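Here is a friendly tour of the salt bridges in one protein model. Have a look at the sequence and the coordinates, and then read on.

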Amino acid sequence: FLLVWMNEQDEIELQTSGSTGQKKSISAKKSYLKASANLTLDFFHLSEKSTILHCLPFGFIAGKMMLIRVLESNAQVCFAPPTDPLAFETTAAIDFAAMTPYQYAKCLENNPKKLEQIRTILLGGGAVNLELETQIKQLNHKVYHSYGMTETFSHVALRKIGQYEHFTALTGVRFGYGSEKTLTIHAPHLGIDTLETNDIVDLLDPFHFRFVGRKDFVINSGGIKLHPEELEQKISTKFTNVNYFFASKPDPKLGEALILLIEAEEQFPLPDLSVLLEKYERPKEVLFCKKFAYTASGKLDRLNTLKTSLP
């Protein structure tokens, strides 16, 4: 990556994660990637005096952007493998790191004291459930949740966990509505005139929004539109050590019937979901799957999991 980054070409090829469809390659100007990196550096006040932990895979945009931030800031950097983010040797405080929610949860489980050695952590690449948010509030460091994608060269909005439920745009970024309340992103300094996403949001103003769910995953059950991500947040306190997600299957009466898929080797008694979900939000069926499908970057592949799970 460094050889490609430092060659004479103005652009670099990036690959999307494929979490909601087919992977695709896109070209990005290096100047836009540098601009994106500097937005993050400015927001978190990172400089040559800072120490940054790099524990993300280099094959994906998040890992590439972390290295570009190091190069742009001339900060000190220590590396740890993605499978063990806390495997760094320094005993000094680390100013900044980026992780997936899965990585963070594992670190919290294995060594919360060492995790607090990192002053600020940026979480991205997945949802942060209510249980994890509650645990984060009890720790002595700052944790932010990012919103972005490969097409925006990493994040364009952030929210501080424990303080806000909505995301706030980074400098120079504005938001709007596309079709069906999908989010549009305007960031000319990143080469983005108007990018319409597949994410349904509640837009508070041009600089703040609350994430609702993916347009791709909306379920129309008997005329009622259900957002799986919202339902998953509602029941997260009941499923703390297992992966799960809501989906649908064809139904002659409802059109689509809501179902709940759980990743588990064996079936187990289900908690009472009626106290957390409205009547129309409760799954018509629960399926136990031995193994979900995941993308190469570790994101849940809902579509392929559903294909292999339904009879």
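Is R210 buried, partly exposed or exposed? R210 is partly exposed, with a relative accessible area of 29%; buried means under 20%, exposed over 50% and partly exposed in between, with a 1.4 Å probe and protein chains only.

## About the model

This is a predicted model, where local features need pLDDT of at least 70, side-chain atom pairs count only at pLDDT 80 or more, and totals for chains, interfaces and linings use all residues. Residues are numbered from 1 along each chain as its sequence is written, and side-chain values use heavy atoms, leaving out hydrogens and water.

Searching the whole structure turns up eleven salt bridges (a side-chain nitrogen of Lys or Arg within 4 Å of a carboxyl oxygen of Asp or Glu). One of them pairs E230 with R210, at 3.4 Å from N to O. E230 sits in helix α7 (residues 228–234) and R210 in strand β13 (residues 208–214), so this pair ties together parts that are 20 residues apart in sequence. Helices (H or I, at least four residues) and strands (E, at least two) are DSSP runs numbered from the N terminus. E230 is partly exposed too, at 28% relative accessibility.

Another salt bridge joins the side chains of D202 and K181, at 3.5 Å from N to O. D202 has a relative accessible area of 25%, and K181 one of 43%, so each counts as partly exposed. Through shared partners, salt bridges connect K181, D202, R210 and E230 in one network.

## A buried pair

R302 and E232 also form a salt bridge, at 2.9 Å from N to O. This pair links helix α8 (residues 302–309), which holds R302, to helix α7, which holds E232, 70 residues apart. Both R302 and E232 are buried.
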